[in-house]
Amino acid sequence: METDSSLLSTELEQQSQEELYQQLLLQTIGKVQSDGTPSKVIRPQPGICVKTSSLTDQQKVFVNICQSRDVPPPPHLSQEALVELLESDDPTGYKVPMSLGEAHTEIDNSSKSCTVYDVVINEEFFQKCQKDTLFQQFLIAVSLEGLENKYSLELSRDIKILKNRKFMGSLTEQNIRTKSKPVIQEIDSKELQLQNSTAKGPQFGLWVEPPVGVAEFLIAEIQLPGVSSARSLLLDLGEDRLVLNARPSLFHLDIFFPFLIDQENSAAQYNTNTQVLTVTMPVLSP
C-alpha cells in the first residue's frame, strides 16, 4: 500500500510511516495494546486529602489530590476569569489535565476500611490553588466530577479537607500518557479565506468507537477523489470542529462534532491509493 503521510511528518522514512498508519488503524478499532501508547510511570507527591462519601451507600470516600510536575498544566486562568467561568452557562469548557487513579482500600483512623482515590494534577497549578480558596474549591469540584465521570460514581459535595493528613493510606504510582508530537498540520486562518467558490463538499462518514457505551474516539473518513497528495490538504481541528480545504479549490468541508475532541492527540492519514483521508480524534470526557 502506497501512502502519503506528510500530515504526520515529512521527515519520517517510509517504513516508519507505514508502521504509524497501521498503528492508527488499530487504535481506531481499539486493538492497540496498552504498551503501544507512549506513557510514563510517575510517583505523585502528597497534596491534600478530601473526605466525602458515596451517595449510593453512604460509605466514606477519601480523595488524595496529589501533585506532579509530569502532569501538564491547564491554560492560565486568573481569578477574575475563574469567577466568570463559574458564572457562565458552560463552566466545563475549561479543562484541568489530571490523572485519575483506580480505587484502593485503606484503613482510616477508626481502624475501618475505606475507599480511596488518587487524583494527580500539575504541581504548579496545585500550588496556585493552595494560595487561593476559590481555586482550591474549584480544584476539589473538578476532581470529584472527574472521578464521577470516569468511574460512574455519585459523590457528596459535603466535603472536609483533612488538616493533619496530606493523604490517606499510601500513594501509588500511576501510568500517564506522554504528550505526542503534533500530527495535524497547522495552517494560517488567512489561507482559509482564499477558498475558491468553486470548491465542492466531499463525501464523508463520521462515527464513534466503540459503537456502544462511552465514546472514546471520533473517526472521520473523507473521500477526496482527484487529490494525489496530502501536501495539497489544509486540515484544521478545533475542539468541536473540522475544517478541510483541498487545493487548488477542489474540496471544502466545514463540520461540527457532537463531542469535544482532544486536538493535540488527534491523528490524520491520507491514503493515496483510495484517496481517503482518515482523521482519528480522541473524545474528551464530558
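This is a predicted model: local features need pLDDT of at least 70, side-chain atom pairs count only at pLDDT 80 or more; totals for chains, interfaces and linings use all residues.
Q: What span does α4 reach from its first C-alpha to its last?
A: Helix α4 covers residues 133-151, which is 19 residues. At 1.5 Å a residue, the expected span is 27 Å. The helix comes close to that, reaching 27 Å.

Q: Which residue has a side-chain oxygen that reaches the backbone nitrogen of L134?
A: The contact lies at the start of α4. The oxygen comes to within 2.9 Å of the L134 nitrogen. A polar contact needs N or O atoms within 3.5 Å. The side chain belongs to D132.

Q: Which residue just after α4 takes a positive phi?
A: Helix α4 ends at residue 151. Just after the helix, phi is positive, at about 55°. The residue is S152.

Q: How many disulfides does the structure hold?
A: A disulfide needs two cysteine sulfur atoms within 2.5 Å. For C114, the nearest cysteine sulfur is that of C49, 8.4 Å away, and C114 is in no disulfide. The count for the structure is zero.

Q: Is C114 buried or exposed?
A: The cut-off for buried is under 20% relative accessible area. C114 has 3%, so C114 is buried.
C129 has 0% and is likewise buried. For C114, the answer is buried.

Q: What share of the protein's residues count as buried?
A: The protein has five helices and 15 strands. Its chain has 286 residues. The buried share is 41%.

Technical notes
Residues are numbered from 1 along each chain as its sequence is written. Side-chain values use heavy atoms; hydrogens and water are left out. Helices (H or I, at least four residues) and strands (E, at least two) are DSSP runs, numbered from the N terminus. Buried means under 20% relative accessible area, exposed over 50%, partly exposed in between (1.4 Å probe, protein chains only). The expected span of a helix is 1.5 Å times one less than its number of residues. A polar contact is a pair of N or O atoms within 3.5 Å; within protein, one must be able to donate a hydrogen and the other to accept it, and residues adjacent in sequence count only if both atoms are side-chain atoms.
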